[in-house]
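Here's a quick briefing to read with the model open beside you.

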Amino acid sequence: MISFAICLVLLVVGYFTYGKFVEKVFAPDDRLTPAVAKADGVDYIVMPNWKVFLIQFLNIAGTGPIFGAIMGAKFGPSSYLWIVLGCIFAGAMHDFFIGMLSMRNNGAGLPAIVGKYLGGKAEKAILVFSVFLLMILGSVFVYSPAEILEMFGGTTAMWVAAIFAYYIIATLLPIDKLIGRIYPIFAIALLFMALGLVVMLIVKWPAIPELWHGLGNKALAVDPTFKDQLFPCLFITIACGAISGFHATQSPLMARCLKSERMGRPIFYGAMITEGIVALVWAAVSSYFFYGEPVAGYTLFEETKALGLSTSAPKVVYLMCEDWLGIAGGILAVLGVVAAPITSGDTAFRSARLIIAEALHFDQKSIHKRLTISIPMFVACLVLLFWQIGNPDGFNTVWKYFGWANQTLAVFGLWTITAYLVKHDKPFVLALIPALFMTTVCFTFLFVSHQALALPEIVGYPLGMAVLVSSYGWFHIWHSRYVKYNKRS
């Protein structure tokens with residue numbers, strides 16, 4: 001618990017120190033923002049800062065900082081370090097710059113931002129890649145909450161239809177009509193859940209693994225059949241609580257709703273730090289559940305005694321919230337595992353609509369033009385949904401590829417920020433180091449993970465190092481040529 005307390009303090013300190021530094025590097029000013037200059041009553045709307053913060057938090061959070069942290073906690077206290085360091089130096093910085101670059105470029109979406117700083121080919125690649133990622137996420141977040149709601153009555157098909165209908169409405173309506181009204185409520189509920197668990201952690205002060213007990217793969221020490229390697233799997237598993245490419249598709253949504261650039265740090269950097277705190281809380285709670293002393297938490301529940309490390313993340317959420325927070329905790333748990341993915345799914349579709357519209361130069365003020373893009377998009381999602389439902393392992397297959405694709409999208413975001421900093425003669429190293437690290441993580445995952453190529457470690461890890469060296473070499477050559485060219489001109 002001492003490690004948890006230290007890490008919690010570090011996240012808060014990180015916001016006021018490194019967050020301030022990142023803000024100074026970008027240098028927000030008083031220029032007109034897209035929410036004012038391009039106000040259309042649909043997607044470009046000035047909203048109160050507190051509401052924008054809560055919507056941004058829920059947009060980027062969903063179940064990511066909960067489920068990811070629970071699965072990541074199996075690796076041991078190394079999960080704490082990744083959440084803290086990843087959040088402060090990579091994730092929050094990434095979300096801040098993408099949000100601010102969107103504001104500086106008339107509310108541009110991720111592909112347009114990437115295209116401006118990395119070139120047209122990268123823009124086209126990210127256009128396809130990001131829409132594909134958002135479609136996967138949207139379909140996953142129809143099916144998974146529908147399965148949970150089935151336990152309360154009805155059929156999965158009925159709940160899929162209901163959630164899908166909601167997605168259609170939320171995607172088409174002006175952002176302040178539905179999302180702007182219900183998101184803050186759900187965001188507050190998630191924050192209350194986290195706050196309640198923090199209080200219980202302090203009251204109970206459970207004996208859980210500390211950082212100085214070792215940073216190795218604790219799951220492997222307990223269960224020799226555990227297949228995931230700490231590196232790179234931990235950095236793919238804990239995404240939203242540290243850094244996530246999905247966030248780069250969400251920050252532009254709120255960049256179109258801010259009245260002042262000077263709110264960028266509390267909205268973009270601050271929301272990510274808040275998400276990191278939620279992830280840290282769940283990592284600590286899960287450490288108790290999997291590794292608590294004198295007995296692990298899972299041994300206290302009849303339904304999880306035999307499951308141990310195999311207990312599903314939703315089950316951990318429900319059992320721990322109900323046990324520690326009572327009836328209110330059970331309600332919050334259901335809200336967390338149902339409402340959170342739904343609210344991530346609808347903004348995923350909204351982001352996809354806006355990214356496609358931007359690529360096609362389709363104005364979105366007209367409902368007819370919104371439908372022109374949305375109908376084919378939802379038909380494609382229905383096809384993916386039917387495949388998921390008909391395939392026994394459909395959900396796991398889709399989710400497996402989403403995890404890697406999500407972090408790969410973050411890689412493009414980080415390289416875009418690096419290029420922006422170089423071109424504006426700013427300290428590019430603050431984005432270069434995370435970009436090199438995450439590039440290595442994503443490629444090494446492809447090489448060694450049992451979910452991908454599963455190459456022998458003696459082959460896979462050297463290949464990962466080769467990617468690191470070649471990535472830096474590519475950047476060094478590009479940077480040298482860029483500096484040389486600009487000196488001449």
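A salt bridge here is a side-chain nitrogen of Lys or Arg within 4 Å of a carboxyl oxygen of Asp or Glu. Glu261 and Arg104 make one, with their closest N and O atoms 2.7 Å apart. Keep in mind that this is a predicted model: local features need pLDDT of at least 70, side-chain atom pairs count only at pLDDT 80 or more, and totals for chains, interfaces and linings use all residues. Residues are numbered from 1 along each chain as its sequence is written, and side-chain values use heavy atoms, with hydrogens and water left out.

**Salt bridges**

- Side chains of opposite charge can pair when their charged atoms come close. The structure holds eleven salt bridges.
- Back to Glu261 and Arg104, whose N and O atoms come to 2.7 Å. Glu261 sits in the loop between α13 and α14 while Arg104 belongs to helix α6, so this pair ties together parts 157 residues apart in sequence. (Helices are DSSP runs of H or I with at least four residues, strands are E runs of at least two, and both are numbered from the N terminus.)
- The cut-offs are under 20% relative accessible area for buried, over 50% for exposed and anything in between for partly exposed, with a 1.4 Å probe and protein chains only.
- Arg262 pairs with Asp30, and their closest N and O atoms are 2.8 Å apart. Arg262 is in the loop between α13 (246–255) and α14 (264–291) and Asp30 in the loop between α2 (18–26) and α3 (34–37), so the bridge links parts that are 232 residues apart in sequence.
- Arg262 is partly exposed, at 44% relative accessible area, and Asp30 is exposed, at 63%.
- Lys305 and Glu302 also meet in a salt bridge, at 3.0 Å from N to O. Lys305 is partly exposed at 44%, and Glu302 is exposed at 63%.
- Bridges with shared partners join Asp29, Arg31, Arg104 and Glu261 into one network.

**Helix packing around α6**

- Two packed helices are described by the angle between their axes and the distance between the axes. Axes here are lines fitted to C-alpha atoms, for helices over the stretch in contact, and angles run from 0 to 180 degrees between N-to-C directions.
- The axes of α6 (residues 78–104) and α12 (residues 230–237) come within 11 Å and cross at roughly 55°. That makes α6 oblique to α12. For reference, angles under 35 degrees count as roughly parallel, over 145 as roughly antiparallel, 65 to 115 as roughly perpendicular and the rest as oblique.
- On the α6 side, Ser78, Ser79 and Trp82 meet Leu230, Leu234 and Phe235 of α12, where contact means heavy atoms within 4.5 Å. The residues of this contact divide into four nonpolar, two polar and no charged. Nonpolar covers Ala, Val, Leu, Ile, Met, Phe, Trp, Tyr, Cys and Pro, charged covers Asp, Glu, Lys and Arg, and the others, Gly among them, are polar.
- With α14, the α6 axis comes within 8 Å and crosses at roughly 155°. The two helices are therefore roughly antiparallel to each other, and the residues of their contact divide into 17 nonpolar, six polar and two charged.

**Phe349**

- Phe349 is in helix α15 (residues 313–360), and it is buried, with a relative accessible area of 0%.
- What does Phe349 touch, leaving out residues up to four places away in sequence? Its contacts are Met135, Gly138, Ser139, Tyr167, Thr171, Met377, Phe378 and Cys381.

- Most residues other than glycine have a negative phi, and most peptide bonds are trans.
- A cis peptide bond joins Phe231 and Pro232, with omega about 15°, and Pro232 lies in helix α12.
- Glu293 and Pro294 are also joined by a cis peptide bond, with omega about 5°; Pro294 is in the loop between α14 and α15.
- Trp205 isn't a glycine but has a positive phi of about 40°. Trp205 is in the loop between α10 (179–204) and α11 (218–222), and is partly exposed at 45%.
- Asp425, not a glycine either, has a positive phi of about 55°. The loop between α17 (394–423) and α18 (429–448) holds Asp425, which counts as exposed at 73% relative accessibility.
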